[in-house]
Amino acid sequence: MEPGALLRIIMVVVGIMLFAYVVSSLAKRKMTEPFCLTWGVISVIIVLAGLLLRPVVWNRYISGTGLLLGLMIAFCVVYGMLFMSARVSELMRRNHELAMQVSLLNQETEEMRRQLETLLEKENKGQDAV
């Protein structure tokens, strides 16, 4: 098999696998919607590049070992970026949840403060009457 055709097949398969991972991580709520949308577009671009680009004479410049090394580096970079996107999404989700909890605690504190003030006012009025 020609190295150009092998590269195209690898690009299409990687793009499809990336898209499937992104959709599943969106369904499992591992990543937020903006990150999933960005990675979905990137995976579609990779699939289209694998289908439309025809690397014919590039094997004159890059050997099979160089291609393997380049693919391994590209895989590590994409995996690292995907991992960081998932971690940032998780931190964003936790931050949002903590902000909601703090807001609820502030609301409860304000409610308790109002109740305490009304109780103190009633107590003071009761002592003044006596």
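# Core, patch and salt bridges in a predicted model

Q: What makes the eight residues Leu18, Val22, Met31, Cys36, Trp39, Ile46, Leu82 and Ala86 the largest nonpolar core?
A: A nonpolar core is a set of buried Ala, Val, Leu, Ile, Met, Phe, Trp, Tyr and Cys residues joined through side-chain atoms within 4.5 Å. Buried means under 20% relative accessible area, exposed means over 50%, and partly exposed lies in between (1.4 Å probe, protein chains only). The largest such set here holds these eight residues. Helices H1 (3-27), H2 (33-52) and H3 (64-129) each give two or more residues to this core. The largest share, three residues, comes from H2. Helices here are DSSP runs (H or I, at least four residues), numbered from the N terminus.

Q: What kind of model is this, and how are residues numbered?
A: This is a predicted model, where local features need pLDDT of at least 70 and side-chain atom pairs count only at pLDDT 80 or more, while totals for chains, interfaces and linings use all residues. Residues are numbered from 1 along each chain as its sequence is written, and side-chain values use heavy atoms, with hydrogens and water left out.

Q: Which residues does Leu82 touch, not counting those up to four places away in sequence?
A: Contact means heavy atoms within 4.5 Å. Leu82 touches Leu18, Tyr21, Met31 and Trp39.

Q: Why does the span of H1 agree with its 25 residues?
A: The expected span of a helix is 1.5 Å times one less than its number of residues. For H1 that gives 36 Å, and its end C-alpha atoms are 36 Å apart, so the two agree.

Q: Which residues of H1 are buried, and what follows H1?
A: The buried ones are Gly4, Leu7, Val12, Gly15, Leu18, Val22 and Ser25. Arg29 follows H1, with a positive phi near 60 degrees.

Q: Why does Ser89 count as buried?
A: Its relative accessibility is 0%, so Ser89 counts as buried. Ser89 lies in helix H3. Leaving out residues up to four places away in sequence, Ser89 touches Lys30, Met31, Thr32 and Phe35.

Q: What makes the nonpolar surface patch?
A: Patch residues have over 30% relative accessible area and no salt bridge; like charges are joined within 9 Å, nonpolar side chains (Val, Leu, Ile, Met, Phe, Trp, Tyr) within 5 Å. Phe19, Val23, Val44, Leu48, Leu51 and Leu52 make a patch of about 540 Å². H1 and H2 each give two or more residues, and H2 has the largest share, four.

Q: Why is Leu51 called partly exposed?
A: Leu51 is at 44% relative accessibility, so it counts as partly exposed. Its place is in helix H2.

Q: How do you know that Glu90 forms a salt bridge with Arg87?
A: A salt bridge is a side-chain nitrogen of Lys or Arg within 4 Å of a carboxyl oxygen of Asp or Glu. The closest N and O atoms of Glu90 and Arg87 are 3.2 Å apart. Both residues lie in helix H3, three residues apart, about one turn of the helix. By this rule the count comes to four salt bridges.

Q: What links Arg87, Glu90 and Arg94?
A: A network of salt bridges links them. Arg94 pairs with Glu90, with closest N and O atoms 2.8 Å apart. Arg94 is at 48% relative accessibility, so it counts as partly exposed.

Q: How far apart are the closest N and O atoms of Arg114 and Glu111?
A: They are 3.5 Å apart, and the pair forms a salt bridge. Three residues separate them in helix H3, about one helical turn.

Terms used. Areas by Shrake-Rupley, 256 points an atom, 1.4 Å probe, with all protein chains shown as cover.
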